[in-house]
Amino acid sequence: MESAKTEDEKLQMFFDGELAPEEAAAVRRDLEGSPQGAAQLREWERLREAMKSVSADWAGELDSDALFARIDADINAPAVPIERPAQEQPALRVVPGGRERRVWGGVATGFAAAAAIFLAVMAWPESHIDPAPTTRGSEVLEADFGSNTGTIFEVEGGAGESLAVVWIDDEEVGLP
Amino acid sequence: MSLIRHLLVIAVLFGASVSSGASVASRASAQGSSLARSDRAATTSSVPAEVLVVLAKEEPGKIDPQLEKLTALRRPPFNSFRSMKILSRPKLKLTPGKDALVSLPNGRRMKLTLLRVMPDGRYKVKAAINRPGKSDYLPLLQVVASAGDPFFVAGQTYQGGTLVVGVIVDPKKSAQ
């Protein structure tokens with residue numbers, strides 16, 4: 001049995017003081033040539049000290065007498081049956097496999113249809129949308145009368161729109 | 001269950017593709033909108049237009065019945081004319097960036113160019129009236145006009161009267 005112990009197990013048992021004196025002496029000799037083993041022992045020792053410290057702190061804050069008195073009282077109290085409120089079982093529905101497929105198929109089809117409608121709305125050409133109301137009438141942006149004199153008028157059209165009139169004086173020209 | 005999972009995967013993939021597609025479509029639409037706002041001329045083909053060449057005189061006479069709808073010709077500065085006769089009424093197509101020529105009875109030519117379609121739907125048109133190879137009368141005129149609303153260039157003397165040239169850009173009119 002002992003030969004089956006791994007080095008870690010031996011080290012752990014050595015740390016816990018569970019080895020026979022001759023085994024503990026052998027481990028101690030091994031540790032003299034094993035820095036890793038020695039470091040492992042120091043780490044375990046550090047953890048042990050830390051846990052002892054925390055335990056001591058908790059123990060100082062805990063009123064152990066009161067705690068055990070309450071535990072004893074609860075243990076000795078008569079058992080009271082717990083009455084659970086009647087819970088309404090959720091309605092279960094057996095969906096045959098074929099119907100389940102149809103349901104999910106319908107969901108997928110609906111999703112695809114919604115996506116198609118969304119795409120159709122988003123990609124609808126702008127030309128199908130009613131354009132903004134256009135400004136009526138006409139106006140002159142730029143005029144170069146050359147060597148002539150000219151005047152720009154605004155004339156009211158039949159619908160009240162302003163129409164541009166460019167009037168240029170000139171001498172009558174003959175046919176070329 | 002495999003069918004259900006299959007349908008769910010299809011639905012999720014389709015939804016993802018639709019979302020990305022809608023995003024692309026939205027961006028494309030936004031770009032198209034931006035393009036349309038900035039310069040629809042690039043995507044506008046040709047727009048029908050009509051040029052009304054009228055000989056107006058102060059002597060009492062007839063007003064061409066076809067001009068009765070143009071109430072602007074009865075208002076200043078045209079109200080001094082007592083007779084108006086339509087000399088020609090050529091219809092043409094204005095193509096963005098391409099000159100369209102209209103011969104006037106006094107030997108001059110009117111050059112019309114559709115520059116662009118404004119964001120409000122009006123047409124920006126460049127006009128010039130000169131003798132061939134010369135720039136002796138109206139080197140440059142830039143006008144914006146809404147569809148169906150004319151602008152006028154008047155003042156050229158011809159046969160004892162005055163030429164009144166009206167230009168109407170109207171997509172509803174068919175050019176000959």
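Predicted model: local features only at pLDDT ≥ 70, side-chain atom pairs only at ≥ 80, totals over all residues.

Student: OK, which elements does chain B have?

Tutor: Chain B has one helix and nine strands. Helices (H or I, at least four residues) and strands (E, at least two) are DSSP runs, numbered from the N terminus. The order in chain B, starting at the N terminus, is α-β-β-β-β-β-β-β-β-β.

Student: And how much of chain B is buried?

Tutor: Of its 176 residues, 31% are buried. A residue is buried if 20 or more other C-beta atoms lie within 10 Å of its own, exposed if 12 or fewer, and partly exposed in between, with C-beta atoms placed from the backbone.

Student: What is the strand order in the five-stranded open sheet?

Tutor: The order is E1(A)-E7(B)-E6(B)-E5(B)-E4(B), with antiparallel pairing. Two strands pair if DSSP finds at least two bridges between them.

Student: Which strands stand at the edges?

Tutor: Strand E1 (138-144) of chain A and strand E4 (99-103) of chain B do; each has a single partner strand, so one side of each is left without a neighbour in the sheet.

Student: How many bridges join E4(B) to E5(B)?

Tutor: Five bridges join E4(B) to E5(B), residues 109-117, and the two run antiparallel. Leu101(B), for instance, has Lys111(B) in E5(B) as its bridge partner.

Student: Now chain A. How are E2(A) and E3(A) joined?

Tutor: Seven bridges join E2(A), residues 150-156, to E3(A), and these strands run antiparallel. Gly150(A) has Ile168(A) in E3(A) as its bridge partner. The hairpin of E2(A) and E3(A) has five residues between the strands, and Gly160(A) takes a positive phi near 85° there.

Student: Change of topic: which residues touch the most other members of the largest nonpolar core?

Tutor: Ala127(B), Phe152(B), Val153(B) and Val165(B) do, in a core of 50 residues. Such a core is a set of buried Ala, Val, Leu, Ile, Met, Phe, Trp, Tyr and Cys residues joined through C-beta atoms within 7 Å. E1(B) gives the largest share of this core, eight residues.

Student: What does Phe152(B) touch?

Tutor: Not counting residues up to four places away in sequence, Phe152(B) touches Leu163(A), Val165(A), Val166(A), Val164(B), Val165(B) and Gly166(B). Contact requires C-beta atoms, placed from the backbone, within 7 Å.

Student: Loops next. Where is Gln159(B)?

Tutor: Gln159(B) is in the loop between E8 and E9 of chain B. Its phi is positive, about 50°, although Gln159(B) is not a glycine.

Student: Is Gln159(B) buried or exposed?

Tutor: Gln159(B) counts as exposed because it has 12 C-beta neighbours inside 10 Å.

Student: And what about Gly121(B)?

Tutor: Gly121(B) sits in the loop between E5 and E6 of chain B. With 15 C-beta neighbours inside 10 Å, Gly121(B) counts as partly exposed. Gly121(B) and Ser146(B) are 25 residues apart in sequence and 6.8 Å apart in space, C-alpha to C-alpha.

Student: Last one: which peptide bond is cis?

Tutor: The bond from Pro76(B) to Pro77(B) is cis, with omega near 5°. Pro77(B) lies in the loop between E1 and E2 of chain B.

Notes: Residues numbered from 1 in each chain as written. Chains lettered and ligands numbered in written order. Contact = placed C-beta atoms within 7 Å.
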